[in-house]
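Biologist: Could you walk me through reading aromatic pairs and buried residues in a model like this one?
Modeller: Gladly, let us look at it together.

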Amino acid sequence: MFRALLSKIAAWLLRVLKATSSMGSTLLRMLRFILSLCPASSRWKRGKSNAVHTVCASSMPSPLKQREMSEVSPSHMHPSLELIAYAGRGTDPATQPDDPMTGNLPVHSSQYPVLVQCPADRPHTLPVPASPQQVMEHRYSRRPLVGDKPETDKILKEGDMNYDPPSLPIGWIKYVQPEGAPYYLHEEKRIITDLTESQQLLQASDYLLGRAHELGLPLHLDVELVISEVPGPEERRNFGYYFVDHRQRLLFWVDDYNLLKIFFNVKGVTERDHMKQAVLTQYWIHIGLYPNRRELKVDDYEELRNILTCAIADAVTSKTPLAPFDLDSLTRMLDLVEKLEGSIGKENPYAVWVIARFAREFSSSRFINFSGQHCARLDAGKSIYASHDHPSRSGSSFLIRIFDLFLFQSASGHIEELRQMWVDQIVHYPHWKEYIAKLTSEWARFTIFSTVLLTTNVGLLAAPALGSGGGGPGGGSGGTAAIISIYLSIFFSVASILTSIQLTNRVGGKEYSSAVSTSALLKRVNKSLFGTDSLAIMYSLPYAFLLWGIFLFVLGISLLIFSSTNHAMLASLAPFFFLLFIFSIWPSISGHGTCEMFEKLWRRKSLILHRLVHMTSV
């Protein structure tokens, strides 16, 4: 049996050698004949499935794959798939009919010979699923460092005008992103990377592209594969990958991928169209990372311009707009975008980078605010989560109510401001910037007022009526109490100046410089013992210290005046002092419902008296 088989093979090879003049085609027919005798060797089974997937260059397509390949024109296939589907084919497909011996489609060879691996042959270092966010983090955080060793002379030979960089491997082209970061593109395979290990990249890409073709994923000319280094443990390098479909503006992977990694800690994401918005944000990050060789599409331009116009209208007409930028920034962004109109339809990496940078911010804002969902946030100051719809959410905590007695109701005002700006663990940064600017201006004024008060107190202590700080007239108790009040007023004035200077310096630091750092600060404060209440109390200190200083100064003056034995003077000054005191504290108590409380108590008292009079008359 074995001898008969060998004789048949030898006779067949003799006929082939006589009929063909190309040794390459002879070897190819030998290989195909052997594969036709051993079909099991060219099949690759995944799991327990019985479906046959043949995406290796060394094997033939299965009938199912023949049907799929026949429905896709080679001109619309990903270039790497052409290498897989047509490996070993000549330059003219029409001249090679179907093989009558095997009944399979003819196999073609590409003019770009590359090694295409079978998906079953996994590379030793296979990239893991990653996101553009991770690639961006690695690009910006782990840049190579320049050596600081003493420079040697760089002699340029006479007539030398060559400044070209070292040549790259065949198929690779170097591009420079508008910010200055270089990256590499393999035009034939549509692979983008920040790395320089070309051979390892090709091996990994062959496996990933084969897996994508096996899964039936779209691999047309508008699909790109990105393989780059991503953040990970310091002891080893970590590589990640993702596919980009520019027609649908989406990303996909050939492995399971946890979308929570790109949700920015947003909770409650359940709908598929909402998840798509997070993926769209990653798409714009990808465009910003690799903007070269792309045209500025009119649809992208028009969409961004309309978004900016709507955001400006919202910022003008609403106190709590959803836009992630303030009105001035939005206006300048719209002006910049309109200047890019002349680049529509052109390959302008700078214009594409600008559009991508702006689009990613608004796409992220839409995802965070649940745009398109029934529970979408329409007011930046309101929560959309059921757990926050609780009576304790409104009003002040017990700690704030206690401190309000000593801080003149300022702590409760600050806590309400903080709740409006930090909703659902998300910082509304435009509102936060306005709030910090207002606080900085107030603290600067408090510093001036406290300095004036401090000077007045020191001058008052030198007055003869206080015995140059040693006691009142005749050394009575009234003069001593007045001096104590003046000293306490000085202490509070100095405390107001110190807290104002420290807080002004703090809010101008790195912790308040961006939305990300501010959000991290608020999250850290929220995990403390007293939460954001401690922040509200701290922001209230300069104002409260100043008011206590003024109050103690007035108290010292009052004790000095009313310790006099001149009754006529006291009788004339007392009514004015009482009226001025009432009108001075009126602004503080009127805005917190105190007047309404007294009005209700007066009406209740009048009603009780009326009923008592009526019962007495009866």
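Biologist: Is F243 buried or exposed?
Modeller: This is a predicted model, and in it F243 has a relative accessible area of 0%, so F243 is buried. F252 counts as buried too, at 13% relative accessibility, because the cut-off for buried is under 20%.

Biologist: How do I read a pair of aromatic rings?
Modeller: A pair of aromatic rings is described by the distance of the centres and the angle of the planes. Searching the whole structure gives 19 aromatic pairs. One of them joins F243 and F252: their ring centres are 5.0 Å apart and the planes meet at 5°, so this pair is stacked.

Biologist: And what kind of pair do W432 and Y435 make?
Modeller: A tilted one, because their planes are at 50°, with the centres 6.0 Å apart. Stacked would need planes under 30 degrees apart, and edge-to-face over 60.

Biologist: Where do W432 and Y435 lie?
Modeller: First the general idea: an α-helix has 3.6 residues a turn, so residues three or four places apart point the same way. Here, W432 and Y435 are both in helix α13 (residues 429–461), three residues apart, which is about one turn of the helix. W432 is buried at 1% relative accessible area, and Y435 is buried at 2%.

Biologist: Which residues form one aromatic cluster?
Modeller: F408, F492, F545, W548 and F551 do.

Biologist: Which residues of helix α5 are buried?
Modeller: In α5 (residues 132–141) they are P132, Q133, V135, M136, H138 and R139. Their cover includes strands β3, β5, β6 and β7, along with helices α7 and α10.

Definitions and conventions: Residues numbered from 1 in each chain as written. Predicted model: local features only at pLDDT ≥ 70, side-chain atom pairs only at ≥ 80, totals over all residues. Heavy atoms only, no water. Buried < 20%, exposed > 50% of the residue type's maximum accessible area, 1.4 Å probe, protein only. Helix = DSSP H or I, 4+ residues; strand = E, 2+ residues; numbered from the N terminus. Contact = heavy atoms within 4.5 Å. Phe/Tyr/Trp six-rings, centres within 6.5 Å; stacked < 30°, edge-to-face > 60°.
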